[in-house]
Amino acid sequence: MTLQLALEEDDLAPVRQAGSDTSIIAPDLSYLRMSIVNVVFYGTPSRGDEWVLIDTGLPTSKNAILEAAEHRFGRNTRPSAIVLTHGHFDHVGALEPLARHWNVPVYAHPLEFPYLNGQSSYPPADAFVGGGAIALISPLFPRSPVDVSPWLKVLPSDQSIPEMPDWRWLHTPGHAPGHISLWRESDRTLIAGDAIITTGQESVYEVITQKPEMHGPPRYLTQDWEAAEQSVAILAALEPELIISGHGRPVRGDNARKRLQELAANFVAIAVPEGGRYALDPAKPGKTGNDAYR
Ligand SMILES: [Zn+2]
Ligand SMILES: [Zn+2]
């Protein structure tokens, strides 16, 4: 049986609903839920085009993202950059059309480049991680690379993020080799990507209800559980006040922090699928990605 780290409604970060389905979490942070995955907007409406899009949802998400962006930042607005937590299909779905439309830099960790420049597919999803129907159908999810080479830029090695001066990026691999999370020390805000998520992602029921829960990375697409465990330890040690993850609703406060610490302390029992393919034999890509899995 899988242990669960339940969160309460009280642990959810208060959000204000704005137009175009956007939820505003802080004066300069809002997010849009694209059926199964979140995209985050960083920036304030008063500062026009100085905003950043974090992740780009599903292949069908382009228009919804454009609409939400225009609603928040003004007509014909464009961001100063797109930052990717990683290159999985549900985070880069609308990436190519958006990068083309706006013609802006796309920042990612260099270890994620093979999946963003057309070089390599991700290793196959693991259908045997348990938890529900989504895990079972996960091998059908797209895993071939996108190619946004003309816009692709390496995140600076000093952990700064161009266009996000108060933030730094943290390498949080495991779910994907070049996975990053974003951290702002001044108000202890964490944009975790899929390194931790705040709802289960393996069953249809969980995805529809988004029952709040502190959860390790989505199981079926996580390729190196040891690295994932170390990444969760790094995030727990930050003691974040607000956590915005790739899946689930944003959470905040003491209880969320405690659950994150419990997840880090008992990661193998709580997050790692017993007998899962990559739990037994992690996929370790080389510099050119997962050549073996082409
Ligand atoms: Zn992912
Ligand atoms: Zn995801």
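How are the donor residues of the zinc ion (ligand 1) spaced in sequence? The pattern reads H-x1-H-x86-H-x18-D.

Before you click, some housekeeping. This is a predicted model, where local features need pLDDT of at least 70 and side-chain atom pairs count only at pLDDT 80 or more, while totals for chains, interfaces and linings use all residues. Residues are numbered from 1 along each chain as its sequence is written, chains are lettered from A and ligands numbered from 1 in the order in which they are written, and side-chain values use heavy atoms, with hydrogens and water left out.

**Stop 1: zinc ion (ligand 1)**

Select the zinc ion (ligand 1) and show its protein donors: His-86 (NE2), His-88 (ND1), His-175 (NE2) and Asp-194 (OD), at 2.1 to 2.4 Å. Donors here are N, O and S atoms within 2.8 Å of the metal (3.2 Å for Na, K and Ca); water is not among the atoms, so sites may look incomplete. The angles among the four donor atoms run from 89 to 178°, and the site is irregular.

Now pick Asp-194, which bridges the zinc ion (ligand 1) and the zinc ion (ligand 2), 3.3 Å apart. Helices (H or I, at least four residues) and strands (E, at least two) are DSSP runs, numbered from the N terminus. Both His-86 and Asp-194 are buried; buried means under 20% relative accessible area, exposed over 50%, and partly exposed in between (1.4 Å probe, protein chains only).

**Stop 2: zinc ion (ligand 2)**

Move to the zinc ion (ligand 2), coordinated by Asp-90 (OD), His-91 (NE2), Asp-194 (OD) and His-247 (NE2) at 2.1 to 2.7 Å. This site is irregular too, with angles of 85 to 158° among its four donor atoms. In sequence, its donor residues are spaced D-H-x102-D-x52-H. Asp-90 lies in the loop between E7 and H2 and His-247 in the loop between strand E14 (242–245) and strand E15 (251–252), so the pair ties together parts 157 residues apart in sequence. Asp-90 and His-247 are both buried.

**Stop 3: Glu-112**

Next, select Glu-112, in the loop between strand E8 (106–108) and helix H3 (133–137). Leaving aside neighbours within four places in sequence, Glu-112 is in contact (heavy atoms within 4.5 Å) with residues including His-86, Gly-87, Tyr-122 and His-179. Draw a distance from the Glu-112 side chain to Gly-87: a polar side-chain atom lies 3.0 Å from the backbone nitrogen of Gly-87.

**Stop 4: Ser-149**

Finish at Ser-149, in the loop between H3 and strand E9 (152–154). Ser-149 is partly exposed, with a relative accessible area of 36%. Not counting residues up to four places away in sequence, Ser-149 touches Leu-116 and Asn-117.

Technical notes
A polar contact is a pair of N or O atoms within 3.5 Å; within protein, one must be able to donate a hydrogen and the other to accept it, and residues adjacent in sequence count only if both atoms are side-chain atoms. Four donors count as tetrahedral if all angles lie between 85 and 135 degrees; four count as square planar and six as octahedral if opposite donors are over 155 degrees apart and all others between 65 and 115; anything else is irregular.
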